[in-house]
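Here's a quick walk through a structure, from the chain contact to one helix and then some charged pairs. Have a look at it first.

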Amino acid sequence: MELTLGLVAGPGTSRANKTGTWRVERPLFLNIKCVACDLCIMLCPEGIIDSNNERYFADLNYCKGCGICAHECPVKDIMMVKEEK
Amino acid sequence: MEKLWEGSRAIAETIKMCRPKVISAYPITPQTHIVESLSQLAADGDLVAEFINVESEHSAASVVLGASATGARTYTATTSQGLLLMLEVLYNIAGMRLPVVMTCANRAVSAPLSIWNDQQDSFTARDSGWIQLYAEDSQEACDLHLMAYRIAEDKRIMLPVMVCLDGFFISHTFEPVEPFEEENVKQFLPDYQPLHYLTPKNPLTFGSFAEPDKYTEARYIIHRTLEESKMVIRETAEDFKKVFGRGGGDLVEDYFLEDADFAFVAMGSIIGSLKDLVDKLREKGEKVGILKIISFRPFPGKEITTALEGIEKIAVLEKAVSLGSGGILVKEVKESFYGRKKTPQINGFIVGLGGRDIPQDSLENIYREFHQGSGDASFVDLNYELLGGK
Ligand code: SF4
Ligand code: SF4
């Protein structure tokens, strides 16, 4: 992909740029004690937590590993685990 | 027919001819008369442009950034503290490849507070990606502004240009100036055609986020373009000569260098004083010349070494200092010669800070002392009484 002059781009660049690369830890949604309070969805500063009928999950393409979801979960159903390659 | 205009008025009249659509500026001495004139021209309807009053230079730069992104030709002007306040935005304007043209009416920077001339302000912006052109007198200042728009808007370049002129020495001095004819200007500088522009129908991001895997390339492209702009500056200067029948505006300009064994290198209005000195010395048969640097960015390293080929001693005079390091221009001139078999002796002299007068005697002393062997490179004419004798 060639860079455009002045890095001019159409809308949606914050989606196109995968900004999850500098994460040190990532959230692990256990989905065991979860009470479906949606606090994690509302408090994630990246707005990337979602849920379906079975479980809660984060879009790791953009998750910064800040740990807010794990800290705020009232039943401690989210664990932060080291990002290891 | 020539007009006797104050430098600021001459520049305002030139900008009017360049037909900017948006002008934004915050008044600051010694730039004030330029934007005051433009504001009057716009208010009287003699210039069809939006003149946007703002509360700071940061806002003025932001306004022209935004206006330029919508595809309008823009103009701003500042100096000193105003330029320092703009700096954050200046980097963005260059990075977004917006062809803004601005004037810097060079002035010292605080502290201590000084409203007088030197070139420390624009030197601070030298790494921002802007093209920087320095004028010797009012006429050249006018000519460079017209060229600046052509260079900035050239599709091969698309970078902002700062025209630097010494505060008071040019901005407030009345000099005869050849005004531009509208027809010639329109031929030389057609209306601006942007590559991309902002409109509600087509939202765009300018200068979008670059991950570490793209940032280096984005910066490299600007650097490479600045290198390439040398050719465009030269082309533009040649074309200017064809249309307006007068020179000026190449990267460098030489004065009696052909047979010289000693050369002064400098930028801006000090060149006028140096020319007087060289004329005097030449009458006595001394082989001395001048290399005037017009384009500080892009830095014309090759052009400098070519012009100074065979000269034994070079005195680089500058109205700026990098505190903790010394002269700035002198280091870049020295670097241009690095690695050559035969390098001249190059000394740097810091002169005229904060409006300090640069009398002919000082310039002649620099020549005499350095020409005869000694001549330490340093701050010129320090008053040791003020320094407690040290
Ligand atoms: S760690 Fe931070 S960014 Fe990642 S999902 Fe949790 S709250 Fe969102
Ligand atoms: S905060 Fe915890 S309990 Fe609430 S929805 Fe998220 S994971 Fe479930």
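## Where the chains meet

Start with the charges: across the interface of chain B and chain A there are zero salt bridges, a salt bridge being a side-chain nitrogen of Lys or Arg within 4 Å of a carboxyl oxygen of Asp or Glu. Helix α8 (residues 212-244) of chain B gives the largest share of the side of chain B that touches chain A, four residues. Helices (H or I, at least four residues) and strands (E, at least two) are DSSP runs, numbered from the N terminus.

By class, that side of chain B has ten nonpolar, five polar and four charged residues; Ala, Val, Leu, Ile, Met, Phe, Trp, Tyr, Cys and Pro count as nonpolar, Asp, Glu, Lys and Arg as charged, and the others, Gly among them, as polar.

## Ground rules

This is a predicted model, where local features need pLDDT of at least 70 and side-chain atom pairs count only at pLDDT 80 or more, while totals for chains, interfaces and linings use all residues. Residues are numbered from 1 along each chain as its sequence is written, chains are lettered from A and ligands numbered from 1 in the order in which they are written, and side-chain values use heavy atoms, with hydrogens and water left out.

## Helix α3 of chain B

Among the buried residues of α3(B) are Glu57(B), Val64(B) and Leu65(B). Buried means under 20% relative accessible area, exposed over 50%, partly exposed in between (1.4 Å probe, protein chains only).

## Charged pairs

Over all chains, the structure holds 28 salt bridges. In one of them, Glu136(B) pairs with Lys275(B), with the closest N and O atoms 3.1 Å apart. Glu136(B) sits in the loop between β6 (131-134) and α6 (138-153) of chain B and Lys275(B) in helix α9 (residues 270-283) of chain B, so the pair ties together parts 139 residues apart in sequence. Glu136(B) counts as buried, at 12% relative accessibility.
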